[in-house]
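Please read them alongside the sequence and coordinates.

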Amino acid sequence: MTSEPLVAFDRVGKRFGDFVAVEPMHLEIHKGEFLAIMGSSGCGKTTTLRMLAGLEAPTEGEIRLAGERINDLPTWQRDTPMVWQSLALFPFLTVRENVEFSLRMRGVGKAERRQRADKWLERMQITEFADRNVAHLSGGQRQRVALARSLVTEPEILLLDEPLSALDAHLKVRMQAVLSNLQRELGITFVYVTHSQSEAFSMADRVVIMSRGRIEQIGAPQEIYRSPRTRFVAEFLGSSNVFAGRVAEAAGGGIRVETPAGTFAAPLGELAAALRPGDDATFVVSDDRMQLSGSRPESGNALEATVLAEEFVGATAVVHLEGPGGEELRAQKSHDELARLTLSPGDKVWMSWGPEAGHVLPGG
Ligand code: ATP
């Protein structure tokens, strides 16, 4: 990663009338990175992407591409093609004509157009459909045409807005692999807007989590998963156990938070550094760090919970539980471990985790 970002959003905001769709934000996107932007519906992720594409003008701030201000540059003069869910292929053109389209718009001669388009048809493994009308293709094939059409100009950055959301689950996973490989092999920058946590977390180098027009957290998937910086992120990801409480003690590199489910210890992280006894605090521990056992462990954080249900999620399962204060809790376990535990709804079980697995955020 170079220090000079390929894209810089410098206090970029967008209002529609009085409505603030994107609050002034700073965001740097590096050359060659796969950046995913996710958040719930209406949080401003598409508007952010559209501002970068030139389809929406920021109401404040500056967007720079390779150091140059692009706020006033029309879409067709930016090298920021976009692929979106509907794909927007030209229905009366063949596959090859669709792929050649932007080269034609740039005045590239016929022979070169054909040669460049054919290279991308081959790369996307759609050469056999070159002369077919795009209306007569499957969802996955159309997806490949859309990618070839955007990549044929060899842009430095590709913007993708929920490109896989219309595909069925199986095809989605296959296209994820196609996209990841393509991005790595070409070394181009992908900015990828999605609702899907699994897409964002499996493909991206960094994930941006947005809520109500604001960036809540930017980080590598593992970092966000393990250390959500705000209660919103922890709850949005849905993979953490969240306890609201008050600081009981903060000393010697550790912090203890008193909650209705018990008093729990964690290292005194950077986010909790300013907390004092009595302050509101939120204790967070991810579901894959939770141990389950029939009796209380001798050390560490523990609480007794009631089993509600088990949910099978591919290779692992999530046990849903209720804490002593009515908290909704979860533990992620392998099927083997669950088989050993033999839990049934209504059973009491101890949930425990080491202090190093938890972290504390300011605010309740
Ligand atoms: P989704 O996942 O549902 O597509 P999103 O996070 O991409 O949501 P945006 O499309 O960026 O959200 O929209 C952010 C907010 O701005 C929404 O409340 C939306 O209704 C509003 N908005 C977007 N475009 C316009 C517009 N042209 N005029 C008025 N409001 C708009």
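1. In this predicted model, 13 residues of domain 1 are in contact with twelve residues of domain 2, contact meaning heavy atoms within 4.5 Å. Domain 1 spans 7-226 and domain 2 spans 231-362, with bounds from an automatic or database domain assignment. Their centres, taken over C-alpha atoms, are 38 Å apart.

2. The two domains bury about 1000 Å² between them, with 58% of this on carbon and sulfur atoms; buried area is the accessible area (1.4 Å probe) that two parts lose on being put together, summed over both. Of the area that domain 1 buries against domain 2, 56% comes from Gln-197, Tyr-225 and Arg-226, more than from any other three residues.

3. The rule finds one salt bridge across this interface, defined as a side-chain nitrogen of Lys or Arg within 4 Å of a carboxyl oxygen of Asp or Glu. The side chains of Arg-226 and Asp-288 form a salt bridge at 3.1 Å, N to O.

4. Arg-113 is buried, at a relative accessible area of 11% (buried: under 20%; exposed: over 50%; partly exposed in between; 1.4 Å probe, protein chains only). Not counting residues up to four places away in sequence, Arg-113 touches Glu-100, Leu-103, Arg-104 and Val-108. A polar atom of the Arg-113 side chain lies 3.2 Å from the backbone oxygen of Val-108.

5. On conventions, residues are numbered from 1 along each chain as its sequence is written, and side-chain values use heavy atoms, leaving out hydrogens and water. Local features need pLDDT of at least 70 and side-chain atom pairs count only at pLDDT 80 or more, whereas totals for chains, interfaces and linings use all residues.

Technical notes
A polar contact is a pair of N or O atoms within 3.5 Å; within protein, one must be able to donate a hydrogen and the other to accept it, and residues adjacent in sequence count only if both atoms are side-chain atoms.
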